[in-house]
Number of protein chains: 2
Amino acid sequence: MIEYIDGGICAPQGFTAGGIHCGFRKNTSKKDLAIIASDVQCSAAAMYTTNKVQGAPLKVTKEHLADGHARAIICNSGNANTCADNGECIARQTCILTAEACGCMPEDIIVASTGVIGEELTMEPFEKGIPLLAQSLCADGSAKAAEAIMTTDTVKKEIAVSFKLGEKDCTIGGIAKGSGMIHPNMATLLAFFTTDAAVSPELLHKALKTAVTESFNQVSIDGDTSTNDMAVIMANGLAGNNMICDEGEDFSLFCEALKEAAVYLAKCIAADGEGASRLLICHVNHAPDGETARTISRSVASSSLVKAAVFGEDANWGRVLCAVGYTPGDFSVENVDVTLSSASGDTVVCRGSRHMAFDEAKASQILSEKEITISVDLHDGDAHAKAWGCDLTFDYVQINSAYRS
Amino acid sequence: MIEYIDGGICAPQGFTAGGIHCGFRKNTSKKDLAIIASDVQCSAAAMYTTNKVQGAPLKVTKEHLADGHARAIICNSGNANTCADNGECIARQTCILTAEACGCMPEDIIVASTGVIGEELTMEPFEKGIPLLAQSLCADGSAKAAEAIMTTDTVKKEIAVSFKLGEKDCTIGGIAKGSGMIHPNMATLLAFFTTDAAVSPELLHKALKTAVTESFNQVSIDGDTSTNDMAVIMANGLAGNNMICDEGEDFSLFCEALKEAAVYLAKCIAADGEGASRLLICHVNHAPDGETARTISRSVASSSLVKAAVFGEDANWGRVLCAVGYTPGDFSVENVDVTLSSASGDTVVCRGSRHMAFDEAKASQILSEKEITISVDLHDGDAHAKAWGCDLTFDYVQINSAYRS
């Protein structure tokens, strides 16, 4: 039984967070430095972007997580610390300052950056900001941290879920950012999870990988894969459950709760896609296997032509079939049904891969809602998957033609 | 020595063409049926989309070209004849009518369609149009045929080049269409070539494949791969050259001329990308191998974020490096230089994968021109390649949110 609760990343016992403006951005009302800390040492695991060009913080974080433990996360927005000469040096120095402020070792700090690639960066904002930020750490700091990691996001993204492991109440909290430059085949945008469950580093990594596969890796905004993305989880064990060290029932329950939180954040990210006016969900049913179902659902949810048609409230199902057809993999396109649904109802627009008469007015009404589901039934197996995206709008072009300005 | 000449698809000896409006479209001023015919039987070869969902005309054309010979091409625009119950029947009937009008066998007709997927289609426009169209066949009909295959294209695309094989003057002509739903890994949009050179079907196929690989497969407008794309070439041998039956010098000369014509049309297509205000060329140098160079150049030219930055005249080279980095393949991203150039000059914006000071005003001036080249030097080998794309504009969204209307 998974319940949604308040508190975000600070909902699990023993976690505090904070977020301030310290100067990475000119706009002083925009927070640009976030911290998340645990009172005690944590098991920790992460997944990273697959882009060959990677921000300096990723290199340092990978080193620091080699032992499977961490104590705090520090993350700035406004500058990606990527392709800068002094990037690695800055990332290491940031960890040292954060460790001093938190009373732990630099090797227990997870460092992340997000923002413009290839801009100059100095230590000055970190030097000014980290001591203040550490002082501001508090148990209701989740919202501030969630705000501080935002770039072109228009809303902050937080979640917390509670569940039981044996007799113990456990909690997972999370925050995420990501609006443009989001596409499958990376660890993810930025997503930070905390939990008071006790989980070994190995199983924490396994749970995170599964959750990311079915959540953040199923989100596409614009097909670009970023240089700085990572998903991180820290588990401090303060819930007092029996440490999860094998893939038994507790592990399944934990995975289910983590996936619930990750999918919630993934949907928030898709709905807040740059310029998006609608959340687009593609649900693929009866595919030969899970990977094929996931790939097809991503193809549809990330097709520029499908996205533009949804923006135009145009039930152009031929574009859906086209996107299904150019998906790599071994599956049949001979008997595909396409159904559109939303709060306004649902209507089949293609049956058996063939043109059929449907009510265009009703279809347009369905597409006028804020959350649209395109269901694709392949009639070619038992697997299913979902992917999340958004419509392609004038505002996407507006935002991305002037991002650095 | 390859020279550009007039005449388009009718420039080679013995070819005639025509284009009329016959009713696939409501707008009677828009031609929607094209024909290209040879006075004599031709060697012929084609490449097709790799989309699993394919228009009925492709199936019929593949059958008809199994023997490597053809006499005429018939192509309608406005309806893709894809996912229609009676699609294959209509495609076959179209070939029968065209063969009757041209005095040849239905198996010698190449049939193609382009337009909306999944709309109903009847024989009526073909029955009305084909006899009229056949009567209108003439040696200056290239422009009319080029107009009749256009969908959202804003300008018709024609080319003709002349070259010598031995003592004989030979000519290759071509027309193409394609504006949205264009992406590598398909044969191409629609491209029809004619030549009076004598070439065996096998070597004609080989020459076409090479030309398509370095031209149409290097064009990306929006990342979507169409259901109906094909590239076709017919060679009638009327130039009187010695039949090209092996990969000797004549074959090389022929390949070079065909590539010249194909690249010209590919650039026209990219420049006329839906909503495009600029032609974007990505030139990758010093890559480990040709395939890697081609893949990287396509990544950059098709990145939504790069395309939007070009539209915004913003020298956001970090997005270029990001697109290089998420390209699959084995190559180094440690020492990448990025140069922007256009009629306004050129400027290096990134050296050795690192931030460097550059003149932002000059860079914006360079990006304000109609044709922009982004050069990426990997310093990791000897191979190079080009890809063509366009900027991402408000008009792209406008066009594709209301395509069926």
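**Figure 1. A:C350 meets A:H355, its bridge partner in strand 13 of chain A.** Strand 12 (residues 345-351) and strand 13 of chain A pair in the antiparallel sense over two bridges. Strands pair if DSSP finds at least two bridges between them. Helices (H or I, at least four residues) and strands (E, at least two) are DSSP runs, numbered from the N terminus. This is a predicted model: local features need pLDDT of at least 70, side-chain atom pairs count only at pLDDT 80 or more, and totals for chains, interfaces and linings use all residues. Residues are numbered from 1 along each chain as written, chains are lettered from A and ligands numbered from 1 in written order, and side-chain values use heavy atoms, without hydrogens and water.

**Figure 2. Six strands of chain A form an open, mixed sheet.** The order is 13-12-11-14-10-15. Strand 13 (354-355) and strand 15 (383-390) of chain A each have a single partner strand, so one side of each lacks a neighbour in the sheet.

**Figure 3. A:T171 lies in strand 7 (residues 168-177) of chain A.** Beyond its neighbours within four places in sequence, its contacts (heavy atoms within 4.5 Å) include A:I5, A:F163 and A:D196.
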